[in-house]
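Dear colleague,

Please find below the structure I am handing over to you, followed by a summary of what was found in it.

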Amino acid sequence: GLVGITAGCSVVTPWASVLIGIVAGWVYVGFSAFLIKMKIDDAVDAIPVHFANGMWGVFAVGLFAEEGHMATAGYNTDHLG
């Protein structure tokens, strides 16, 4: 979960960070199983941890970022998607 929350740690609420961490755990398990099924050798599971959870973290920022936290963190909130 730590890699998953890194991108949005300053702009999400505590409940969202818990949810992001839980989903990141399942993303890790699923992507690790996928690599085994594809017979891709990753002895230390760096790809599921850093790539898959990093991608989830980037998507999670778009889903869970709060405008008030973004302003506090110094982001421009004039044009929210």
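A residue is called buried when its relative accessible area is under 20%, exposed when that value is over 50%, and partly exposed in between. The coordinates belong to a predicted model, and the terms above apply to the computed values that follow.

F51 has a relative accessible area of 48%, so this residue counts as partly exposed. F51 is part of helix α3.

F51 also belongs to a nonpolar patch on the surface, which is formed together with F34, M38, I40, I47, M55 and F59. The accessible area of these residues together is about 680 Å². Helix α3, spanning residues 46-64, is the element that gives the most to the nonpolar patch, with 4 residues.

As for the overall architecture, the protein has 4 helices and 0 strands. Read from the N terminus on, the order of elements is α-α-α-α. Taken along the principal axes, the C-alpha atoms fill a box of roughly 45 × 20 × 20 Å.

Turning to burial and surface, 28% of the 81 residues of the protein count as buried. The protein has an accessible surface of about 5,400 Å², and carbon and sulfur atoms account for 68% of that surface.

Finally, on contacts in the protein between residues at least 6 apart in sequence: 57% of these join residues at least 24 apart.

With kind regards

Terms used. Residues numbered from 1 in each chain as written. Predicted model: local features only at pLDDT ≥ 70, side-chain atom pairs only at ≥ 80, totals over all residues. Heavy atoms only, no water. Patch = residues over 30% accessible without salt bridge, like charges linked within 9 Å, V, L, I, M, F, W, Y side chains within 5 Å. Areas by Shrake-Rupley, 256 points an atom, 1.4 Å probe, with all protein chains shown as cover. Salt bridge = Lys/Arg side-chain N within 4 Å of Asp/Glu carboxyl O. Helix = DSSP H or I, 4+ residues; strand = E, 2+ residues; numbered from the N terminus. Buried < 20%, exposed > 50% of the residue type's maximum accessible area, 1.4 Å probe, protein only. Contact = heavy atoms within 4.5 Å.
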